[in-house]
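This briefing is intended for reading beside the sequence and the model. Please keep both in view while working through the points.

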Amino acid sequence: MTSTRTDGGTTGGDGGLDGAVVAVAGAAGPAGQAALLRLAEAGATVVAADADAERLAQAVDAARFAHGGATVTGDTVDLLDLAATREWVARTEKEFGRIDGLVHLVGGWRGSAHFAETDLGDWDVLHDLLIRTVQHTSLAFQGALERSGNGRFLLISAAGASNPTAGNAAYSASKAAAEAWTLALADAFRKTGGESPPPAAAAILVVKALVNDQMRKERPNAKFKTFTDVRDLADAIAGTWNQPTEEVNGQRLWLTPQP
């Protein structure tokens, strides 16, 4: 069942998230803020993390204010430190008794006008932001998500991962590596399930690019035709809990036309 948003979008039913505990990595950006709001609206306890403590606090306060009574917490976690990431998971599971999801929204972009101008220093930056954080969160959260029985590991990726352009070599390669890592986690979930459905699902939500209200305000003449609104992304994130794990696990869920 779907319901219509006031801005014309639609949202799915929320039965799969009522009472769930969902962690959001990279929660302070526009997409993270939208995810916090949507997950809190759906009845989830939301555990947010970001490297920017000030922006994170603002995002957490906004989600709490929008949905009175919702449990939304924030913590600055160094996701480039595997031990710190594992500690975050252990602390969260101990406090709330379970973890039902990790939404990976840690992002960043570096590129060039031409392939020959590619700066390999961009690869070093994007490797940490887009790959290493996926490695650490997946390794740290796997056990808790399997114990959930209906866990989700959701990577937000870009169409460029499968259709790279000359100026986006480092970015596209980083996204492709993160996707491959996530699909390996999906295979681990499948093997844990054996003859039964997997106890958790790892999936990739693919966009061309994201747009939010601030971007529209700053560029009123821009069409953003193939961009995905951050609120629609948040709806898609929440909707994955309304499908069985076997239907979500290992899937690329396209929110933009496939190239």
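The model is predicted: local features are reported only at pLDDT of at least 70, side-chain atom pairs count only at pLDDT 80 or more, and totals for chains, interfaces and linings use all residues. Residues are numbered from 1 along each chain as its sequence is written, and side-chain values use heavy atoms, with hydrogens and water left out. Helices (H or I, at least four residues) and strands (E, at least two) are DSSP runs numbered from the N terminus.

- Strand 3 (residues 21–25) is mostly covered, with five of its five residues buried; buried means under 20% relative accessible area, exposed over 50% and partly exposed in between, with a 1.4 Å probe and protein chains only.
- Val21, Ala23 and Ala25 point to one side of strand 3, while Val22 and Val24 point the other way.
- Strand 3 and strand 4 (residues 45–49) run parallel and are joined by five bridges; two strands pair if DSSP finds at least two bridges between them.
- In strand 4, Val47 stands opposite Ala23.
- Strand 3, helix 1 and strand 4 form a right-handed β-α-β unit; a crossover is right-handed if, with the strands pointing away from the viewer, the path from the first strand over the helix to the second runs clockwise.
- Strand 3 also runs parallel to strand 6, and four bridges join the two.
- Two pairs of residues illustrate this: Gly101 of strand 6 is the bridge partner of Val22, and Leu102 of strand 6 stands opposite Ala23.

- Strand 6 pairs with strand 7 in the parallel sense over four bridges, and Gly101 stands opposite Arg152 of strand 7.
- The chain passes from strand 6 through helix 4 to strand 7 in a right-handed β-α-β crossover.
- Ser138 lies in helix 4 and counts as buried at 3% relative accessibility.
- A polar atom of the Ser138 side chain lies 2.8 Å from the backbone oxygen of Val134; a polar contact is a pair of N or O atoms within 3.5 Å, where within protein one must be able to donate a hydrogen and the other to accept it, and residues adjacent in sequence count only if both atoms are side-chain atoms.
- Ser138 and His104 are 34 residues apart along the chain, and their C-alpha atoms are separated by 9.5 Å.
- Gly151 lies in strand 7 and, at 0% relative accessibility, is buried.

- Phe224 lies in the loop between helix 6 (213–218) and strand 10 (228–229).
- The phi angle of Phe224 is near 50°, a positive value in a residue other than glycine.
- Phe224 is buried, with a relative accessible area of 11%.
- Asp229 caps the N-terminal end of helix 7, with a side-chain oxygen 2.7 Å from the backbone nitrogen of Arg231.
- Val230, Leu233, Ala234, Asp235, Ile237 and Ala238 are the buried residues of helix 7 (residues 230–239).

**Pocket and cavity**

- On a 1 Å grid over the protein atoms alone, a cavity is a set of points where a 1.4 Å probe fits but cannot get out, and a pocket is an open set with protein on both sides within 12 Å along at least five of seven lines; lining residues have an atom within 4 Å of a point.
- The largest pocket holds about 1,100 Å³ of space.
- Among the 47 residues that line the largest pocket, Gly107, Gly108, Tyr171, Lys175 and Leu210 are the closest to its centre.
- Helix 1 (30–41), helix 4 (120–148), strand 7 (151–158), helix 5 (169–193) and strand 9 (210–211) are the elements that give two or more residues to the lining of the largest pocket.
- The structure holds one cavity of 30 Å³ or more, and the largest cavity has about 40 Å³ of space.
- The largest cavity is lined by Arg110, Gly111, Ser112, Thr118, Asp119, Asp122, Gly167, Asn168, Ala169 and Ala170.

Definitions and conventions: Grid points are joined across faces, edges and corners, and a volume is the space filled by probe spheres set on the points.
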